[in-house]
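Biologist: I am new to this structure. Please take me through a single part of it closely, then show me what lies around it.

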Amino acid sequence: MSTAATPAPAPRRRRRTTKLKRRQTRLAWVLLVPALAVVVFVAIYPLGKTIYQSFTDQEFLALEPAQWVGLQNYRDLLDDSIFRDAVWTTLKFTLITVAFEFALGLAIALVVNSRFRGRGVMRAVMLVPWAIPTVVAAQMWKSMLQSNGVISDAGTRLGILAHPHAWIADPATSLAAICAVDIWKTAPFVALLLLAGLQVIPGDLYEAAEVDGANALQQFWKITLPLLAPAIFVTLVFRTLDALRVFDVFYVFFGNRLGTQSMAIYAQSTIVGDGYVGYGAAISMAIFLVIALFVVVYVTFQRVVLR
Amino acid sequence: MSVATEATTHVIRPVSRSRAFWRSPIGRLVKKVPFYTLVVLIFVYCLFPFFWALRCAFTPESDLFSTPLQYVPEHPTLDNFRQAFQAEFFRRGLLNSAIVAGGVTLLSLAIGTLAAFALGRFRFRGRSFVMYLMLSMTMFPSIAILGALYTMISGFSLGPIDLPNIYDTLWSLLFTYLIFTLPFTIWVLTSFMEALPGDLEEAAYVDGATPFQVFYKVLLPLILPGLVTTGLLAFISAWNEYLFALSFIQDPDKYTVPLAITSFVGESGSSFQQPWGTIMAATIIVTVPLVALVLVFQRYILAGLTAGAVKG
Amino acid sequence: MRARIVLLATAAALVAVALSMNVASAGRLGPATTSAKAYPAPKVPNAAAIKKQYGGQSITFIGDSVGGSHNRDVALAKQFTKDTGIKVKVVPHPAASDASYSQLARVFSSKSSSFDVAMIDVVWPGAFAPYLVDLKPKLGKEAKQHAQGIIRNDTIDGKLVAMPWFGDFGILYYRTDLLKKYGYSAPPKTWTQLFAMAKKIQDGEQAGGNSSFSGLVFQGNSYEGLTCDALEWYESAGAGGFIDDGKVTINNPKGAAILNLFASQIGKTTPRDVTTYQEGEAHTAFVEGNAAFMRNWPYAYSIGADPKTSKIVGKFSVTVLPHTGGPSVGTVGGWQLAVNKYSKHVDASIEFVRYMTSAPVQKFDAITNTNVPTIPAVAKDPAVVKANPYLKPEIASVIRVTRPASALRTHYNEGSKAIYQGINQILNGRSASSVLPGIQSKLERILR
């Protein structure tokens with residue numbers, strides 16, 4: 001907003017604009033009050049408490065009050081090989097599931113969005129995995145993936161598998177097994193969000209492209225992807241964040257098994273199982289930093305590539 | 001396309017043999033094959049576990065795990081469904097989950113649309129900060145804030161504010177579920193608000209509308225697909241949530257569906273015996289209405305109502 | 001459009017049926033409804049005196065999980081209220097043991113008086129001791145009736161912090177018909193015998209067409225149950241009990257040997273995914289007829305004897321677990337009752353605990369719910385033994401071993417986690433000599 005010297009009549013116009021601008025800004029903040037209230041109550045206090053606890057040696061069932069230990073928890077965290085394994089497992093899990101969920105979700109969304117006879121049924125079908133409670137779905141898949149379960153059975157009958165396999169017990173296939181389940185479960189989430197984004201793209205853009213002789217692939221690349229970009233960005237951000245915080249499926253599949261823990265599982269077993277609230281809070285802060293790193297990467301990517 | 005144009009096209013640009021093939025009836029059918037293969041694969045992938053759940057639900061307890069596996073139950077039974085319905089905590093669970101999920105969805109939409117209006121249609125300093133503040137709520141694992149949340153809902157005093165004890169009530173879930181429904185609701189709705197043309201409200205303001213009228217009459221109808229989408233996702237998220245429900249609810253009368261489903265216990269009374277058939281029957285009972293609900297509201301997602309606004 | 005209508009109609013139908021059920025039945029899942037009629041809840045002794053002193057008070061009891069067990073708690077609580085006028089609100093605890101632990105831990109650490117009596121696992125007294133009332137003054141005499149091993153387990157620093165309520169111990173289940181078929185006259189006495197028998201039976205059954213058959217199933221998942229199973233392996237091999245007399249002994253040659261023995265059988269005479277098995281998967285495999293031997297708690301007996309769930313009714317029996325260099329043992333499981341230190345009705349709560357842990361109630365529980373009594377006199381009662389065949393003297397007198405909860409105190413979960421995570425790794429392929437030193441040092445660090 002420049003304040004360079006101007007002839008007398010102009011300032012009146014400019015002042016009215018800034019007054020409107022100020023009123024609008026005030027209105028915006030007023031509209032944000034409910035959301036900010038929720039954030040303060042339901043998020044800021046717990047987060048603040050966690051941050052504070054990460055600098056103490058508080059234990060769940062200890063009778064003595066917690067002592068301030070400064071950065072000791074964080075120093076121990078750097079030496080913690082189990083935590084490093086958990087981070088690495090979670091990163092692998094996140095990369096695989098987000099990539100496949102996105103591909104599958106996009107495929108489903110494109111299919112449902114196009115004009116063909118099975119469309120209505122497809123809409124119902126695509127939501128079924130998402131509608132089943134996660135704990136139940138995880139237990140269902142766990143029993144299906146046992147060596148005497150239906151996946152091994154069907155696989156051997158169809159000749160795809162040589163003999164029944166213990167997908168979850170075998171360390172070589174356990175990550176693949178849990179990724180398959182999570183992809184199955186959350187592809188509908190991605191599909192639904194991308195579908196909403198697809199529906200907003202006006203159909204006549206495609207008609208015009210058709211007239212100009214563009215084939216399906218060109219239409220997808222030049223029309224669909226760019227216009228879908230905001231929806232893709234939001235979907236990817238939230239799916240990545242959710243994958244980094246994964247807990248339910250890991251708990252049902254692996255429990256506390258070494259080598260297959262997610263970050264949240266390790267945090268939970270430290271806080272609730274072992275009772276080390278202070279150290280567990282430091283773990284939670286570390287998880288927050290890992291996730292924040294991803295957010296920064298996404299935001300930078302969006303700013304540089306998409307805008 | 002007039003005959004003249006077609007004749008012209010035919011003369012000026014001779015069609016290649018491959019192009020002719022793809023345009024012929026056989027070619028058009030072949031083009032559809034990969035598409036329909038994809039459709040079938042998606043069907044199988046999404047539905048097989050559900051088919052398995054159905055199979056388990058109709059199989060008597062004794063045949064569930066007998067080998068060789070029965071893909072279709074040899075003695076189908078309605079017993080599991082009867083057991084599921086007879087469990088009072090399950091019926092209550094359906095009602096409780098409906099109340100909590102419905103309430104959380106309405107709250108999220110109410111708060112979220114107001115926030116999205118501010119963040120999507122106004123430019124002001126601190127806008128980005130607020131967006132990322134919302135996002136930061138989802139950057140902590142639930143277990144990290146569980147302890148603090150438990151202290152809060154058990155009633156504590158924060159300065160002049162005295163919070164009541166809402167432990168073991170549905171209110172605790174209603175407020176704590178906002179932690180994960182509100183961020184993506186706000187983000188998705190904001191992106192919908194941003195996508196609307198910039199000068200949309202100008203006309204309305206010129207006509208003398210108040211901001212609230214602009215919000216209610218102009219913007220909301222145009223982002224209806226976004227509202228329905230986030231509403232559905234929030235509903236299902238709240239419906240399926242397990243950890244907070246397990247930590248904040250004690251009384252079986254207040255169990256939500258995930259708690260109820262994991263509480264089914266077999267005839268022996270031992271918690272080691274899970275009546276898998278009954279649990280699957282309960283899952284079917286829970287899933288079918290959810291999918292039906294989604295189908296009813298999906299009509300509003302696929303309306304394409306914005307087409308008119310963009311042109312006009 | 002049609003699909004939508006069909007789905008909506010289905011949904012409406014389901015809702016209608018659900019609502020009609022609400023009116024029609026007030027039934028809950030689980031047994032005990034018929035048996036409760038046949039065997040009524042015992043009356044409270046000395047009820048009049050209790051009523052005079054504490055009548056009218058209300059206490060909250062965090063009891064067993066939803067289902068038949070919860071119904072039993074409610075029936076007993078109702079009888080107690082009827083006789084003494086003390087109102088008891090029964091809240092079921094979460095079915096999963098660690099969820100139950102965290103619920104109690106959270107409530108204790110917030111010094112809440114929201115409950116008065118709670119049931120706690122046999123390994124929790126050490127962790128919760130500072131928050132529990134000493135029951136010795138008022139219940140010391142009754143405590144002498146119970147198995148002294150459990151009483152010792154429940155006594156921390158001289159305070160009796162919990163009263164034994166029902167017990168559990170590990171036993172060996174075996175297929176009597178298969179043993180006969182393959183020419184064995186008696187169940188195995190040593191682990192090597194067991195694995196040899198298991199291999200022969202497994203080979204025979206698999207050749208006969210049952211490709212899902214395995215010789216032995218047990219609890220091998222990375223969780224508390226593995227600590228129980230492994231303790232039995234160790235003690236029966238003479239390798240000690242992980243921590244003995246305050247010293248960590250888990251890393252010893254006999255221990256490594258028995259662990260290597262079991263590890264070598266994974267995928268051979270045991271299913272490959274036995275390392276993900278908990279109690280449920282193990283008993284399912286056994287009652288479906290897909291295992292020759294099973295290590296499990298006594299609860300599985302009634303499941304095996306129930307024609308509705310079992311394919312091996314009448315074809316199995318139980319005995320003590322094998323040994324090899326040590327005695328036959330069974331790990332102690334089971335639950336105790338404890339009183340919250342912050343409770344506002346401590347004395348009324350103690351009366352409730354006195355009633356619930358008394359001999360008549362333990363007999364009631366054993367007959368109607370097939371729970372193992374902790375009072376040896378009750379365990380020898382003929383009616384009780386009839387309902388619980390694993391209480392035959394030759395099995396019930398097996399040496400009961402306890403996990404090192406009293407040594408590890410509040411850090412029991414952490415110590416047990418080190419044990420079961422390490423042993424699960426060994427079962428999944430790593431050598432015992434590479435893992436045991438790590439467990440040893442972790443436990444030593446905790447004990448320091």
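Biologist: At roughly what angle do helix 9 of chain A and helix 9 of chain B cross, and within what distance do their axes come?

Modeller: Keep in mind that this is a predicted model. The two helices cross at roughly 170 degrees, and their axes come within 10 Å. Angles over 145 degrees count as roughly antiparallel. Helix 9 of chain A is therefore roughly antiparallel to helix 9 of chain B.

Now look at the residues that meet. Helix 9 of chain A brings A:Pro230, A:Ala231, A:Val234 and A:Phe238.

Next, follow helix 9 of chain A by itself. It covers residues 216-244, which is 29 residues. A straight helix would reach 42 Å at 1.5 Å a residue. Here the end C-alpha atoms are only 35 Å apart. There is also a bend of about 55 degrees at A:Ala229. A proline, A:Pro230, follows within four residues of that bend.

Step back to the two chains. Their contact takes 73 residues from chain A and 76 residues from chain B. On the chain A side, helix 1 (residues 9-53) gives the most, with 17 residues. That side of chain A divides into 58 nonpolar, ten polar and five charged residues.

Chain B itself is divided into two domains. Domain 1 spans 3-63, and domain 2 spans 88-263. Their C-alpha centres lie 39 Å apart. Helix 9 of chain B takes up residues 178-195.

Chain C has a helix pair to set beside this one. Helix 12 (residues 253-265) and helix 21 (residues 412-427) of chain C pack at an angle of about 50 degrees. Their axes are 8 Å apart. Helix 12 of chain C and helix 21 of chain C are therefore oblique to each other. C:Leu259, C:Phe262 and C:Ala263 of helix 12 make the contact with C:Ile423, C:Ile426 and C:Leu427 of helix 21. Six nonpolar residues form this contact, with no polar and no charged ones.

Chain C is also divided into domains. Domain 1 is 33-161 + 333-397, and domain 2 is 171-328 + 402-447. The C-alpha centres of these two domains of chain C lie 29 Å apart. In chain C, 14 residues of domain 1 are in contact with 18 residues of domain 2. Helix 6 (125-128) and helix 8 (148-153) of chain C each supply at least two residues of the domain 1 side. That side of domain 1 of chain C has seven nonpolar, seven polar and no charged residues.

Notes: Residues are numbered from 1 along each chain as its sequence is written. Chains are lettered from A and ligands numbered from 1 in the order in which they are written. This is a predicted model: local features need pLDDT of at least 70, side-chain atom pairs count only at pLDDT 80 or more; totals for chains, interfaces and linings use all residues. Domain bounds come from an automatic or database domain assignment. Two residues are in contact if their C-beta atoms, placed from the backbone, lie within 7 Å. Ala, Val, Leu, Ile, Met, Phe, Trp, Tyr, Cys and Pro count as nonpolar, Asp, Glu, Lys and Arg as charged, and the others, Gly among them, as polar. Axes are lines fitted to C-alpha atoms, for helices over the stretch in contact, and angles run from 0 to 180 degrees between N-to-C directions. Angles under 35 degrees count as roughly parallel, over 145 as roughly antiparallel, 65 to 115 as roughly perpendicular and the rest as oblique. The expected span of a helix is 1.5 Å times one less than its number of residues. The bend at a residue is the angle between axes fitted to the seven residues ending there and the seven starting there.
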